[in-house]
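Have the structure open as you read.

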Amino acid sequence: MEKNGNSLIFKNQTIFYNDRPILSYASNKTFAFIGRGTEQVKMYRGNFDIQDYVESRVPLNHFEIAETNEAITFNLSSNGQTQLLQIRTELDKFGRLVLKLISKDKTYNRLWLRLPATAQEKIYGCGEQLSYFNLRGNHFPLWTSEPGIGRNKSTLTTFKADTQDNAGGDYYTTNFPEPTFISTQKYYCHTNSFVYVDFDFRNPEFHELQYWGIPESIVFETADTYNQLLGKLTNLLGHQPILPNWTDEGLLLGIQGGTQRTYDTVDKLRAAGVKIAGVFCQDWEGTRQTSFGKRNFWNWEWNPALYPGLDTKIHEWKDEGIRFLSYINPYLVDTSALYAAAAKNGYFAKNSDGSIYLVDFGEFNCGVVDFTNPAAFDWFKELIKTNLIDFGCDGWMADFGEYLPTDVVLFDGSDPMIRHNEWPALWAKCNHDAVAEAGKTGQIVYFMRAGATGSQRYCPMLWAGDQSVNWSLDDGIASTIPAALSVGMTGMGLTHSDIGGYTSMHGNVRSKELFMRWAEMSAFTSLMRSHEGNRPAENFQVWDDDDAIQHLAKFTDVFQRLAPYRRTLVAENNEYGLPVQRPLFLEYENDSVAYDIQYEYLFGSDMLVVPVYQETQTDWDVYLPDDEWIHLWSGQEFHGGHHTVAAPLGEIPVFYRKKSEFRTLFTEITNQKYSNY
């Protein structure tokens, strides 16, 4: 059958979609298994210990085919006995291949599905993955959670975090998982479900997709190029909106401590030439001190004791070109006034006995606003409109979203094991709807770390989460690069990270050099934003060092100068689904080396960025695809291949295409005389 130029045929015991094998019984190989399992899920402050006891795994090794003009249906059984699963394959009105799955025995709650693969095939996506860009050779449990500290079980940091805090991560732990991936066979695969999944890409002959439930459907599409494929994927998932132009004006300065400290620091940095578009004051609602460090007081309204006069100062700053950004998350501390109001109206998720379910967020307890309750959703949406937007905030960090426990009782009676992975998208929609109803779409930017299917259309900006303030590959500055690339291959093309990192634990302390290297990289991303970190007093802060201030002034200037180019990239993301930070193979498909590079990226199609992610380096190895490249700082011309280039502080390796239509803009940066530091 054919639809919109797409073909679906069954031959040689195999379903082919546009000549790609999707399901196959060739050589008597079973592609589906059904079973039963019982999971145990334990959460400690957003970190999850998930165990599964598989009671049965039944190979569906017998099939009967029913073929019509509209669909090809597999009726699957074990050894030709009772039918257990039906898979209906059909082309929708857009020509997408849709696999609709129906279990004939509702007691089965596990499914394993194998897709044909080749040994040379590579896989990308699955949301935001911080340790690997090419996912081949590993399996990826997809469950939104705290990424954990260290994210590598072989490191001392992770060992200490595990043994002392139950907070060490692993290579797959992420705030933003999604059951969506792109294959170098030039197809995408997306699962319409929020159940726990584990996608296993280790076998050279197949990809095994494990589901803790029977998904509603699985969708495939193909294209001739990766750019076209991303366009099709974002047509399915949704497009991120355009960013406000004011975000191009410079740094969003992360600072805490009150009105006067904020004003004095901004004044000092601007006098030194730092371009500042806004201030991000996450403690605008007050603070508390914990063993983890400085935390916010989770009651989402202005704290006049800490920020006196902010209700008028916020408008004065805006007149001076300084926007104010605040902080909010979907939980309320149980000692706050807003908690009491929400409790009175029954807006929190419950225990089985009807009492409010309290979650430990690290030495304080919070209620979970129940977004399955329409009244609670609307109440929180109005809170955002009144306490943030009407107050004068032009943006905020919309934090968390990963902490929905699996044993809560929700208003609509839905299963929290399924709702858990959906929660970040519901949280994003709450923010999105508040901004839209206030008539501020395109004027306000909020940024999130947690994500899910649906975040693409509801979240204008992602940030990479709480990286450690160090040089580690899995949880330091380097990890933000595969994070941006992988989530970009999942339809989320606008992302950034905390300049300097955030988490300072177990001996990790931010250095001046780390901050400066991170600032260099951030000038070539969608957004520049700094953060004091969880322990500000122990870590390097830019305003304490004149050299670092001059370095920051240079790169905020570069960031501002690149605004015309960046706006074209943001528009391409909105219209075509092309991420701002792109893997090299997206533009150089015939370059076999490009497919395995995860610590370089294209900034749009015309700039190539190679961040320095090791300390005390003055030279750095780079790989350039076959093209004519100009080194941004020296103006020297390079051609494709491996090169070692000078990379002192202030000269992150950046190249632009010689034939770029933005060459004049890039040359202006080359010719600009910046202060030495």
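Q: Which side chain makes a polar contact with the side chain of Thr222?

A: In this predicted model, the partner is the side chain of Asn18, at 2.8 Å.

Q: Why is Thr222 called buried?

A: Thr222 has a relative accessible area of 6%. Thr222 sits in strand S18 (residues 217-222). Leaving aside neighbours within four places in sequence, the residues in contact with Thr222 are Tyr17, Asn18, Arg20, Lys186, Tyr187, Leu229 and Lys232.

Q: Why does Thr525 count as buried, and where is Thr525 found?

A: The relative accessibility of Thr525 is 6%, and the limit for buried is under 20%, so Thr525 counts as buried. Thr525 is found in the loop between helix H10 (512-522) and H11. Beyond four places in sequence, Thr525 touches Thr495, His496, Phe559, Arg566, Gln581, Tyr601 and Phe603.

Q: What lies 2.7 Å from a polar atom of the Thr525 side chain?

A: That is the backbone oxygen of Ser522.

Q: What makes Ala342 a buried residue?

A: Ala342 has 0% relative accessibility, and since buried means under 20%, Ala342 qualifies. Ala342 belongs to helix H5 (residues 337-344). Not counting residues up to four places away in sequence, Ala342 touches Leu332, Tyr347, Phe348 and Trp379. Ala342 and Leu332 are 10 residues apart in sequence, and their C-alpha atoms are 8.7 Å apart in space.

Q: Why are H11 and H12 called oblique to each other?

A: Helix H11 (residues 546-561) and helix H12 (residues 563-576) pack at an angle of about 60°, their axes 5 Å apart. Roughly parallel would need an angle under 35 degrees and roughly perpendicular one of 65 to 115, so H11 and H12 are oblique. Where they meet, Phe559, Gln560 and Arg561 in H11 face Ala563, Pro564 and Arg566 in H12.

Q: How do you know that S7 and S8 pair?

A: Pairing takes at least two bridges, and strand S7 (residues 62-67) and strand S8 (residues 71-77) have six, in the antiparallel sense. Glu64 stands opposite Asn75 in S8. With three residues between them, S7 and S8 form a hairpin.

Q: What makes S31 and S36 edge strands?

A: The open sheet of six strands has the order S31-S32-S33-S38-S35-S36, with antiparallel pairing. Strand S31 (581-582) and strand S36 (637-638) each have a single partner strand, so one side of each has no neighbour in the sheet. Elsewhere in this sheet, strand S33 (residues 607-609) and strand S38 (residues 654-657) run antiparallel, joined by three bridges. Leu608 stands opposite Phe655 in S38. H12 packs on the sheet, touching S31, strand S32 (601-603) and S33, and its direction makes about 110° with that of S32.

Q: Which residues touch the most other members of the largest nonpolar core?

A: They are Trp298, Phe380, Trp396, Phe524, Phe603 and Met607, in a core of 164 residues. Helix H6 (residues 374-389) gives the largest share of this core, eight residues. A second, separate core has 43 residues, including Cys126, Cys189, Val195 and Phe201.

Conventions. Residues numbered from 1 in each chain as written. Predicted model: local features only at pLDDT ≥ 70, side-chain atom pairs only at ≥ 80, totals over all residues. Heavy atoms only, no water. Core = buried A, V, L, I, M, F, W, Y, C linked by side-chain atoms within 4.5 Å. Buried < 20%, exposed > 50% of the residue type's maximum accessible area, 1.4 Å probe, protein only. Helix = DSSP H or I, 4+ residues; strand = E, 2+ residues; numbered from the N terminus. Polar contact = N/O pair within 3.5 Å; in protein donor to acceptor, adjacent residues only side chain to side chain. Contact = heavy atoms within 4.5 Å. Axes fitted to C-alpha atoms, helices over the stretch in contact; angles between N-to-C directions. Parallel < 35°, antiparallel > 145°, perpendicular 65-115°, else oblique.
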